Protein chains: 2
Amino acid sequence: MRIIRAPERMQQEIAAHRKKGSSVGLVPTMGALHDGHLSLVNKAVKENDIAVVSIFVNPAQFGPREDYLRYPRPFKRDAEFCRKAGVDIIFAPEPESMYSKNYLTYIKVEKISDMLCGKFRPGHFRGVATVVAKLFNLCMPDKAYFGMKDYQQLKIIEQMTRDLNFPVKIVPCPIVRETSGLAMSSRNSYLDAKQKLYGARIREALQQASYMIKCNKSKNTGKTIANIEKTLLGIPGAKIDYVAVRSARTLSPLNEINERAVILAAVWVGKTRLIDNIIIDTNPKRQYRISKKTAN
Amino acid sequence: MRIIRAPERMQQEIAAHRKKGSSVGLVPTMGALHDGHLSLVNKAVKENDIAVVSIFVNPAQFGPREDYLRYPRPFKRDAEFCRKAGVDIIFAPEPESMYSKNYLTYIKVEKISDMLCGKFRPGHFRGVATVVAKLFNLCMPDKAYFGMKDYQQLKIIEQMTRDLNFPVKIVPCPIVRETSGLAMSSRNSYLDAKQKLYGARIREALQQASYMIKCNKSKNTGKTIANIEKTLLGIPGAKIDYVAVRSARTLSPLNEINERAVILAAVWVGKTRLIDNIIIDTNPKRQYRISKKTAN
């Protein structure tokens, strides 16, 4: 396994692999790798000749009051994690080599970047889209792997890739959870044992809502959201940023759940912001296919 | 020579060429090709295994009151022009295949997109940056050729390419002029014979200013601009959008011309907006090199 720091070297290295006809898979991460990442990495290793994991805490996607500085950076552990998983290249650039002093270019995916998490984290998805485009140009992957926990991010990356004609296949990967149900996240390291149990209740609330809809008790969005919020407000110290029911394809709001939908939630537990989501498939046939391939 | 309409086919075709190790040169155009384009095309044909000319009147870079609909589209003549020049592929997509109904993604190069022409054509350079990124992803060139008449555009594309790490070398090409001195442009076809002579006076005004600076009569920006404006206002029916003296490297304003500079002008002659520029090199050694390689 090679560890590459300089963007130009990364580009040269991959260009050489591509010239030989090797296929390339990229897993873009901010490090602090966990079993959620591992499921992406395993897929990338299995499906490609060369598996690249980028580890880069991207300053452009953090707001001025967010946790850029305290975000965990356990690089040695991450490198060992990748080596064991059979990764070929870790790309771990320095912030200054990715954003020069004279950096000026940003990519914005309109509409779907401003809603949901975008409303609470202005500029966040602009930073995400920009760095992913940079990583695509530097690592030139055939396939890039993204977790479904960050569902809005996944949709934005899919849209950007399609709109800008990047020759990259986006592979969505199902959420991986703790035994408690808590969706795995690098930010879970901010939580103490009690808070982790509180966090798991977000999943419970979403799952409860999903059952209600599937049992045809209610397909009404307003009622669904109210029920979830009621459960979430029972969590000690919780603060809800949003609970929303959206089209799973376009993220546009739904009044009635009569197409493939996603319920998304962002909730503060203490000083940690957690997100989670659940896909609601009203078509039982498709539901089966989805649950086998990309269940969360 | 092949003419390709579908973006996906273009991408597949070039991927196949690249796999064989062929180098690719791209000349992005809006068609209505003239001898200015020809100088770019000749270079692309000479320097690459595969020369691609894209012909696409990009709706995203036109304002609502601009000339998108009446912009000339002499496709047959353009195709013949390319065939004679030894072009391998014309990429001429339909607007609907480049911008789907659900298109949402735009690239903005901050600061240098909002000044000069950007001030008079809001959104123009966002449209330019976006379509060029799309063309880079679809045509995957090693080199892309841009005329220096659109100097601000060139600087924006250079900045975007560097910032987003596109693996593309940008090749600037000198302005080509009519015998009269008028910079060649597809929009010159809007001018009648008299207006063409008026247009040539823009070049005269810039050249006059350049002589004044080089003879050390004045390195003061304010005086230089005032002199040029005086000459331009002598053109019947002319309306000045701007005359500006900027750093040739960064486009930032200069009070004194004591580094490599560019004087830029945008002037309406009747209902046609013309732009032109001249590079001022205060270092005589570099001046020589520049005048041989990229003189305008």
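Visitor: Which residues touch the most other members of the largest nonpolar core?
Guide: We're looking at a predicted model here. Its largest nonpolar core holds 166 residues. Those that touch the most other members of that core are C139(A) and C139(B).

Visitor: Leaving aside its neighbours within four places in sequence, which residues is C139(B) in contact with?
Guide: Contacts here go by C-beta atoms within 7 Å. With neighbours within four places in sequence set aside, the partners of C139(B) are M10(B), I14(B), V24(B), L26(B), V52(B), S54(B) and F91(B).

Visitor: Is L26(A) buried or exposed?
Guide: L26(A) is found in strand 2 of chain A. Not counting residues up to four places away in sequence, it touches V52(A), S54(A), L135(A), C139(A), P141(A) and A144(A). The cut-off for burial is 20 or more other C-beta atoms within 10 Å. L26(A) has 30 of them, so it is buried.

Visitor: What is the bridge partner of L26(A) in strand 6 of chain A?
Guide: Strand 2 (24-29) and strand 6 (143-147) of chain A run parallel and pair over two bridges. Within strand 6 of chain A, the partner of L26(A) is A144(A).

Visitor: In what order do the six strands of the open sheet in chain A come?
Guide: The pairing in this sheet is parallel. Strand 1 (2-4) and strand 7 (169-173) of chain A sit at the edges with a single partner strand each, so one side of each has no neighbour in the sheet. From one strand to the next, the twist averages 25°. Reading across, the order is 1-4-3-2-6-7.

Visitor: At about what angle does helix 3 of chain A run to strand 3 of chain A?
Guide: Helix 3 (75-85) of chain A lies across strand 1, strand 3 (50-55) and strand 4 (89-91) of chain A. Its angle to strand 3 of chain A is about 165°.

Visitor: What is the relation between chain B and chain A?
Guide: Chain B superposes on chain A with an RMSD of 0.0 Å, using a rotation of 180° and 0.0 Å of shift along the axis. That is the relation of a two-fold axis.

Visitor: Which residue of chain B comes closest to the rotation axis?
Guide: Going by C-alpha atoms, the closest approach of chain B to the axis is 2.3 Å. The residue at that spot is I107(B).

Visitor: Which element of chain B gives the most to the side that touches chain A?
Guide: In the interface, 25 residues of chain B are in contact with 25 residues of chain A. Helix 1 (7-19), strand 5 (105-109), helix 6 (124-139) and helix 7 (151-163) of chain B each supply at least two residues. By type, that side of chain B splits into 13 nonpolar, six polar and six charged. With five residues, the element that gives the most is strand 5 of chain B.

Visitor: Why do the copies meet through the same surface?
Guide: It comes down to which residues sit in the interface on each chain. The copies meet through the same surface because the share of interface residues of chain B that are also interface residues in chain A is 100%.

Visitor: Which residue of chain B is the bridge partner of V109(A)?
Guide: Strand 5 of chain A and strand 5 of chain B pair in the antiparallel sense over five bridges. Four of the five residues of strand 5 of chain B are buried, so this strand is largely enclosed by the rest of the structure. T105(A) stands opposite V109(B). As for V109(A), its partner is T105(B).

Definitions and conventions
Residues numbered from 1 in each chain as written. Chains lettered and ligands numbered in written order. Predicted model: local features only at pLDDT ≥ 70, side-chain atom pairs only at ≥ 80, totals over all residues. Least-squares fit on C-alpha atoms with pLDDT ≥ 70 in both. Contact = placed C-beta atoms within 7 Å. Nonpolar A, V, L, I, M, F, W, Y, C, P; charged D, E, K, R; others polar. Pairing = 2+ DSSP bridges. Axes fitted to C-alpha atoms, helices over the stretch in contact; angles between N-to-C directions. Core = buried A, V, L, I, M, F, W, Y, C linked by C-beta atoms within 7 Å. Buried ≥ 20, exposed ≤ 12 C-beta atoms within 10 Å, placed from the backbone.
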